Amino acid sequence: MTNEAAMEQVQPAASAPAPEPVVALIPRINVAAFCDDQGTAQAMQSAGADRRMVQAHMDVHLGGIPAAIQAYTNAKTPDVLIIESTKQRDGLLNDLGHLAHVCDPGSKVIVIGHVNDVLLYRELVNQGISEYIVAPIHQLQIIEHLAGMFHDPEASPVGKVLAFVGAKGGVGSSTIAHNVGWMFSKHYATDTVITDLDMAFGTAGLNFNHEGGQGIAEALGSMDRVDQTMLNRLLTKYSDRLSLLVAPSSIDREVEIEEDALSAVLNVVRANVPSVIVDVPNIWTPWAKSVLVHADEVIITATPELACLRNAKNLVDLLKAARPNDNPPRLVMNQVGIPKRPEIPIAEFSKALGVEPAVTIPFDPLTFGTASSNGQMIEEVAVKSDAARQLVVLSQILQGQEAPPKQKGKALGSLKAKLATLRKK
Ligand SMILES: Nc1ncnc2c1ncn2[C@@H]1O[C@H](COP(=O)(O)OP(=O)(O)OP(=O)(O)O)[C@@H](O)[C@H]1O
Ligand SMILES: [Mg+2]
């Protein structure tokens with residue numbers, strides 16, 4: 001049931017005490033609540049409408065854990081999943097065991113229960129549940145818990161940084177980065193910021209028809225002051241879930257990028273948004289290297305030619321050595337099949353590199369040319385094109401959906417494995 005439908009029948013709010021007001025804004029996260037009790041559903045609805053949740057998205061449903069399992073069997077779980085259960089300990093643990101099968105590793109889970117038992121609380125927290133709250137709940141309690149989860153300096157940041165770089169200039173890296181960011185916001189309802197680091201020649205503003213503003217340049221110049229409020233002012237809003245941190249794209253002013261300033265700015269962005277796409281220009285400087293080394297994912301775009309092979313090999317070797325515990329860089333082969341151009345066969349290219357291409361995108365001047373002149377995305381101009389389909393696959397891989405379903409469930413830590421033991425106690 002959707003929140004509107006659910007809300008038509010809700011009873012007056014639960015009368016839990018109001019906690020101290022929270023001051024922090026909740027970042028741009030997706031929250032879904034599956035309630036068993038109408039009072040809880042109404043408190044959730046009020047939390048979702050609170051001013052501190054203006055950047056976050058809250059969906060409220062009835063149906064508790066079974067409804068959540070049904071909703072996420074074939075879909076990605078949100079950043080935060082709140083589930084309510086009116087069952088006693090064993091019933092609750094049993095239902096959570098089933099939920100573990102469909103829960104993505106990156107999602108945090110809050111349980112609202114009707115059993116006030118400190119031992120149960122500890123068991124659940126030990127098993128990977130972020131919070132166990134006893135009903136009835138107050139809307140501010142929910143906001144307080146969310147704020148605690150995302151503003152705790154010890155907590156891992158909300159956002160994943162995905163750095164896109166070309167193996168040489170003009171291979172299509174920016175176009176691919178922008179299309180992936182757009183697809184994240186459109187197909188996965190993931191709040192996304194595209195950060196253009198090509199100060200003089202950046203194309204994010206052009207490709208999205210949103211030119212103007214200093215965006216990233218001003219943020220970099222005010223490293224000590226950059227915070228969520230300043231960031232909100234510098235972002236160019238493209239749609240409900242997609243914002244751009246555009247480059248000035250002007251040669252009048254030379255913007256020096258300092259490694260520390262860039263890292264501070266990206267940390268503020270990633271503390272507020274689940275997906276940060278960074279369009280890294282094809283230059284080799286300490287800051288460019290640092291962004292690639294510290295990103296959660298690196299996507300190298302190459303065309304099938306010798307210079308790209310050499311450069312991509314250097315990048316892959318450096319990044320694999322510097323990030324031994326991370327995914328190897330992803331390879332995108334682009335502009336494949338340019339008429340009359342001799343090309344290195346993709347199989348040979350990837351063998352020499354030691355990385356299989358995540359996707360191979362054909363040379364399609366009509367589609368790419370139309371998109372770029374209209375300030376539109378590839379899917380908007382040619383949804384059925386091979387290029388659009390390949391970009392969908394790339395977005396899917398980068399959303400972490402290449403893993404077989406059996407890998408789901410890590411969000412609840414070792415919950416599944418340990419539940420059996422717990423039930424026997
Ligand atoms: N598969 C493709 N087929 C045809 N044209 C393409 C393809 N991919 C990208 N292009 C076009 O190539 C041009 C360069 O793309 P883009 O600016 O994204 O490259 P880049 O690697 O970011 O370049 P730069 O080094 O300037 O940052 C654009 O006009 C884009 O529309
Ligand atoms: Mg570019």
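# Ligand shell and helix packing in a predicted chain

Of the 21 residues around ligand 1, those that come nearest are Gly169, Gly172, Ser174, Thr175 and Phe368, where a residue counts as near a molecule if its C-beta atom, placed from the backbone, lies within 6 Å of it. The elements that give two or more residues to this shell are α7, β12 (330-336) and α15 (365-374); helices (H or I, at least four residues) and strands (E, at least two) are DSSP runs, numbered from the N terminus. This is a predicted model, in which local features need pLDDT of at least 70 and side-chain atom pairs count only at pLDDT 80 or more, while totals for chains, interfaces and linings use all residues. Residues are numbered from 1 along each chain as its sequence is written, and chains are lettered from A and ligands numbered from 1 in the order in which they are written.

**Chain and ligand shell**

- The chain has 18 helices and 13 strands, and 46% of its 425 residues count as buried (20 or more other C-beta atoms within 10 Å of the residue's own; 12 or fewer is exposed, and in between is partly exposed, with C-beta atoms placed from the backbone).
- Among contacts between residues at least 6 apart in sequence, 78% join residues at least 24 apart, a contact being a pair whose C-beta atoms, placed from the backbone, lie within 7 Å.
- By class, the shell around ligand 1 has 7 nonpolar, 12 polar and 2 charged residues (Ala, Val, Leu, Ile, Met, Phe, Trp, Tyr, Cys and Pro count as nonpolar, Asp, Glu, Lys and Arg as charged, and the others, Gly among them, as polar).

**Helix α7 against helix α17**

- The axes of α7 and helix α17 (residues 386-398) come within 9 Å and cross at roughly 70°, with axes taken as lines fitted to C-alpha atoms, for helices over the stretch in contact, and angles running from 0 to 180 degrees between N-to-C directions.
- The two helices α7 and α17 are therefore roughly perpendicular (65 to 115 degrees; under 35 counts as roughly parallel, over 145 as roughly antiparallel and the rest as oblique).
- Asn179, Val180, Met183, Phe184 and His187 in α7 meet Leu391, Val392, Leu394, Ser395 and Leu398 in α17, and by class this contact has 7 nonpolar, 3 polar and no charged residues.
- Methionine 183, in helix α7 (residues 173-187), counts as buried because it has 24 C-beta neighbours inside 10 Å.
- Leaving aside neighbours within four places in sequence, methionine 183 is in contact with Leu391, Val392 and Ser395; its C-alpha atom is separated by 8.3 Å from that of leucine 391, 208 residues apart along the chain.

**Helix α3 against helix α4**

- The axes of helix α3 (residues 64-72) and helix α4 (residues 89-102) come within 9 Å and cross at roughly 15°, which means that α3 is roughly parallel to α4.
- In α3, Ile65, Ala68, Ile69 and Tyr72 meet Asp95, His98, Leu99 and Val102 in α4, and by class the contact has 6 nonpolar, 1 polar and 1 charged residues.

**Backbone features in loops**

- The peptide bond from alanine 135 to proline 136 is cis, with omega near 0°, and proline 136 lies in the loop between β5 (131-134) and α6 (139-151).
- Asparagine 209, in the loop between α8 (204-207) and α9 (216-221), has a positive phi near 60° although not a glycine, and is exposed, with 10 other C-beta atoms within 10 Å.
- Lysine 340, in the loop between β12 and α14 (346-353), has a positive phi near 70° and is exposed, with 4 other C-beta atoms within 10 Å.

Methods
Two residues are in contact if their C-beta atoms, placed from the backbone, lie within 7 Å.
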